[in-house]
Amino acid sequence: MRFEHNNYQRNKRKIMFKLCIIALVFLIASSRIDGSWPVKYDDPSCSGNISVTDVDRVQFAMNLEFTEAEFFLKASTGKGLDAFNATLAKGGPAPVGAEKANLDPITNRIIEEFGYQEIGHLRAIADMTGGIPRPLLNLTRENFAMFMDRAVGRKSNPRFDPYANSLNYLLASYYIPYVGLTGYVGTIPYLVSFNIKRLVAGLLGVESGQDGVIRTLLYERQDETVKEYGGVTVAELTNEISNLRNELGMCGIKDEGLCVPPWLGAENRTSSNILAADPYSLSYDRTPQEILRVMYGTGDEHRPGGFWPCGANGRIARMFLDKGYYGHCGACSADN
């Protein structure tokens with residue numbers, strides 16, 4: 001009986017993997033052909049060419065660095081950024097909803113290291129540019145569950161909780177660092193200052209490493225099912241999260257999950273996709289507008305929500321933010 005059960009599970013995983021591949025192929029084809037996604041290939045917001053300074057660009061990245069720092073530090077140590085460095089937030093509001101996660105010792109150690117790295121990133125940007133106030137961050141269970149539910153297309157049962165265990169936390173982490181990575185890739189071509197180019201190159205190197213570690217840890221568990229979504233595997237859920245980010249970004253394929261058809265794999269020779277990359281195995285890029293759409297969860301850089309309910313901070317984010325929002329969030333200051 002045990003042999004039959006194991007054989008059934010193996011066959012089930014093979015079928016689900018094939019379905020995952022078919023869904024991804026269909027999604028890519030439809031996004032390019034029938035316009036089912038509101039892709040803006042000819043939209044200036046997909047080019048990154050906006051009239052801002054190098055300082056504006058690197059300060060914009062602090063919004064993601066704050067998000068990662070608070071999420072990693074609280075989950076691994078039980079303490080937020082202010083407990084380690086009280087000056088970096090520059091008076092910005094405390095995050096909402098971050099918790100100590102129930103992580104296994106190895107995962108906890110990795111995430112703790114990531115958290116300290118994010119403090120270093122914030123210090124580096126602040127030392128060079130003066131920094132920006134921390135935006136209001138929504139790191140609640142409910143917010144993560146909303147994004148996951150939207151990716152899968154149905155409500156989780158029991159409710160998805162990113163802090164419940166190591167697997168859930170890694171899946172939640174899958175959403176954030178990669179967005180920062182693509183943002184840095186998109187920023188570098190528009191930088192002028194040698195010192196800021198060197199800074200962003202250094203930031204990109206570590207962000208890429210963090211994303212690679214998270215994806216590798218998830219790849220090791222790709223065939224495990226996520227109980228909150230009734231049989232959806234880890235690999236399938238990463239594909240769905242990537243599809244959601246592509247949909248929200250509205251500038252084509254910038255994101256891929258852990259499994260792809262071989263013809264989309266590196267040199268068309270592999271279905272594994274531990275590192276997401278284009279046909280030349282180069283990193284995808286994103287513009288500030290795409291990042292705002294993805295992190296707001298609204299698909300609109302003018303409408304805050306999601307992880308940054310009062311909007312991101314810095315000149316770039318505020319360029320797109322409707323003035324009416326300044327007074328709608330009591331925890332936010334109109335001066336931010």
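Helices here are DSSP runs of H or I with at least four residues, numbered from the N terminus.

**Basis of the model**

This is a predicted model, in which local features need pLDDT of at least 70 and side-chain atom pairs count only at pLDDT 80 or more, whereas totals for chains, interfaces and linings use all residues. Residues are numbered from 1 along each chain as its sequence is written, and side-chain values use heavy atoms, with hydrogens and water left out.

**The α3 and α7 pair**

α3 and α7 pack at an angle of about 170°, with their axes (lines fitted to C-alpha atoms over the stretch in contact, angles running from 0 to 180 degrees between N-to-C directions) 11 Å apart. The two helices are therefore roughly antiparallel, a term for angles over 145 degrees. Their contact (heavy atoms within 4.5 Å) is made by Phe71, Phe72 and Ala75 of α3 and Tyr169, Ala172 and Ser173 of α7.

**Aromatic pairs**

Rings of Phe, Tyr and Trp (its six-membered ring) pair if their centres lie within 6.5 Å, with planes under 30 degrees apart counted as stacked, over 60 as edge-to-face and the rest as tilted; the count comes to twelve aromatic pairs. Phe71 and Tyr169 are stacked, at 4.5 Å centre to centre and 25° between the planes, and they lie 98 residues apart.

Technical notes:
Parallel < 35°, antiparallel > 145°, perpendicular 65-115°, else oblique.
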